[in-house]
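Open the model in your viewer and keep the selection tool at hand. We will go from stop to stop, picking residues as we go.

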Amino acid sequence: NAQAPSGRETVTIKGERFYLEPALDFASRQHGLSDRQSIEPSGGMIFVFPSPQVQNFWMIDCLTDIDIAYLSETGRVMTLHEMKAEAPKKPGESDLAYQNRLPRYSSEYPSRYVIEVAPGTWKRLDVRPGDVISFDMEGLKARAR
């Protein structure tokens, strides 16, 4: 059982191990994977919210496409999206105008956990709604704020 690099969480998706950065507080959830040029094949981020709620993610300042999965309280995949990188904020474009032109990717259902990985991961692993992703839910929940 390979140990995750320091500060990362081991997450198993369709039998494949990923080492994801945890986003456990408002600031880290807000920043997410912004400003990243790429996501390593076994990397990404796991967002943990204090309680399940409908989530809407967007690609603010994201420089690479991202596969996203919204999970139930039990780690079951509810909703999947392939989020596309958007044109960066243009000179003279207000923050509001920039934010308003970005598509929102909704969980559709209350979600406590959200996983973002490299583009193409869901297709490569044939991840579908109903699949269960395993990770230390209780440990992450206890640390989320």
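**Stop 1: a loop residue**

Select Asp 35, in the loop between helix H1 (26-31) and strand E3 (44-57). This is a predicted model. Look at the backbone first. Asp 35 is not a glycine, yet its phi is positive, at about 70 degrees. Is Asp 35 buried or exposed, or partly exposed? Its relative accessible area is 48%, so Asp 35 is partly exposed. Buried would mean under 20%, and exposed over 50%.

Next, select Asp 61. You will find Asp 61 in the loop between E3 and strand E4 (66-71). Asp 61 has a positive phi too, near 55 degrees, and is a residue other than glycine. With 38% relative accessibility, Asp 61 counts as partly exposed.

**Stop 2: the whole protein**

Zoom out and switch to a cartoon view. How many helices and strands are there? The protein has 4 helices and 6 strands. Trace them from the N terminus: the order is β-β-α-β-β-β-α-β-α-α. The radius of gyration is 15 Å, close to the 15 Å that the globule rule gives for 145 residues, so the protein is as compact as a globular protein of that length. Along the principal axes, the C-alpha atoms fill a box of roughly 50 × 30 × 30 Å.

Now show the surface. The accessible surface comes to about 7500 Å². Carbon and sulfur atoms account for 51% of that surface. Of the 145 residues, 43% are buried.

**Stop 3: the aromatic rings**

Hide the surface and show the aromatic side chains. The protein has 4 aromatic pairs. Start with Phe 49 and Phe 57. Their ring centres are 6.4 Å apart and their planes meet at 70 degrees, so this pair is edge-to-face. Planes over 60 degrees apart count that way. Phe 49 is buried, at 8% relative accessibility. Phe 57 is buried as well, with a relative accessible area of 10%.

Go on to Tyr 113 and Phe 135. They form an edge-to-face pair, 5.0 Å centre to centre, with 75 degrees between the planes. Which parts of the chain does this pair link? Tyr 113 sits in strand E6 (residues 105-117), while Phe 135 sits in the loop between helix H3 (121-125) and helix H4 (137-143). The two are 22 residues apart. Tyr 113 is buried, at a relative accessible area of 0%. Phe 135 also counts as buried, at 11%.

Then select Phe 47, Phe 49, Phe 57 and Tyr 70 together. Ring pairs link these four into a cluster.

**Stop 4**

Finish at Pro 119, in the loop between E6 and H3. Pro 119 has a relative accessible area of 41%, so this residue is partly exposed. Pro 119 and Asp 67 are 52 residues apart in sequence, but 5.0 Å apart in space, C-alpha to C-alpha. Which residues does Pro 119 touch, not counting those up to four places away in sequence? Select Thr 64, Asp 65, Ile 66 and Asp 67 to see them.

Among contacts between residues at least 6 apart in sequence, 70% join residues at least 24 apart.

Key. Residues are numbered from 1 along each chain as its sequence is written. This is a predicted model: local features need pLDDT of at least 70, side-chain atom pairs count only at pLDDT 80 or more; totals for chains, interfaces and linings use all residues. Side-chain values use heavy atoms; hydrogens and water are left out. The radius of gyration is taken over C-alpha atoms; the globule rule is 2.2 Å times the number of residues to the power 0.38. Buried means under 20% relative accessible area, exposed over 50%, partly exposed in between (1.4 Å probe, protein chains only). Contact means heavy atoms within 4.5 Å. Accessible areas come from the Shrake-Rupley method with a 1.4 Å probe; for residues, only the protein chains shown count as cover. Rings of Phe, Tyr and Trp (its six-membered ring) pair if their centres lie within 6.5 Å; planes under 30 degrees apart count as stacked, over 60 as edge-to-face and the rest as tilted.
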